[in-house]
Amino acid sequence: MTNDHARARGGLLLGLGAYLLWGVLPLYFKALGHVRPTEIVAHRILWSLIFLGALVAIWGRLPQIRAAIANRRALLTLVLTAALIGVNWLIWIWAVLNGHVLEGSLGYYLNPLVNVLLGVVVLKERLSRARQIAVGLACAGVAVLAWGAGSGLWISLTLAVTFALYGFLRKVAPVESLEGLTIETAILAPIALGWILWLEQAGTGGLGIDRFTTILLVLAGAVTAVPLLLFNAAAKRLPYSTLGFLQYIAPSLQFLLAVLLFGERLTTAHLICFGAIWTALVIFAAEGWRIGRANARERAAAP
């Protein structure tokens, strides 16, 4: 096995791990339904920093952290990605706790198609006819949902855009996954710590309500950091399009949880929208497979 193949295989396993964990995360945060979303996000940030700090110390990565901070381009990129992931976390947790897991799953189904649009707008890539049809179908599905059941559409669109931008910027940022995530959480940590201290001083914080709640809040750091580390590591090893295909795992699991376990209402508008997006994703995947086969034949025929 060549180094490139080994790297791609490792990236595939890392990506699968990240999306499987994200797919079942609603179960974890549903157990914290009695804690306000902003406090859960604050604990995610603070305990993630402690968890990541321990990894940095154990693995001796402090010199790389200093180098990344000294790199103006890397630091500015990480400030932006920190803001994007903070907003993404807050909207998603609010959606889970308020019975909008279905809209959350739609947002992550849309994400690969937003990646395509980023390629067109930012990288000036040209879309094939099949991909134009796929994007058109997705837009039509979103329009139907906006018309028929649009009250939660803002959740889907915000999650799709923020995570697509986050993944895109982290892929091009000149910093590895652990260092980048540590710096991102350090940027957000002062705000998170201030909010937690204010709530605890006011007597409305979640810590100490009961042992189970306290354990879940503390473990939120590892629960947050592990899939993100897996994702960022996969993003460095896989083509961005491949990473987008893997993302179907997480929203599929969340969709099933929303409908079968949480009892969220699946409207006709939802069915039409999801049907259009699933069809678009099939077209997109088939086109990617066709192009990959054609490229492989060209490489095999090359002298």
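Helices are taken as DSSP runs of H or I with at least four residues, numbered from the N terminus; one of them, helix α9, spans residues 211-237 and contains Thr224. The model is a predicted one, in which local features need pLDDT of at least 70 and side-chain atom pairs count only at pLDDT 80 or more, whereas totals for chains, interfaces and linings use all residues. Residues are numbered from 1 along each chain as its sequence is written, and side-chain values use heavy atoms, with hydrogens and water left out.

Thr224 is buried, at a relative accessible area of 1% (buried means under 20%, exposed over 50%, and partly exposed in between, with a 1.4 Å probe and protein chains only). When residues up to four places away in sequence are not counted, Thr224 touches Arg44, Ser48 and Trp89, a contact being heavy atoms within 4.5 Å. The charged end of Arg44 in turn sits over the ring of Trp89, 4.7 Å from its centre (the criterion being NZ of Lys or CZ of Arg within 6 Å of the ring centre and within 35 degrees of the ring normal).

Aromatic pairs number 14, where rings of Phe, Tyr and Trp (its six-membered ring) pair if their centres lie within 6.5 Å, with planes under 30 degrees apart counted as stacked, over 60 as edge-to-face and the rest as tilted. Phe163 and Phe231 form a tilted pair, 5.2 Å centre to centre with 45 degrees between the planes; Phe163 lies in helix α7 (residues 153-172) and Phe231 in helix α9, so this pair ties together parts 68 residues apart in sequence. Phe163 is buried at 6% relative accessibility, and Phe231 is buried at 3%.

Terms used
Helix = DSSP H or I, 4+ residues; strand = E, 2+ residues; numbered from the N terminus.
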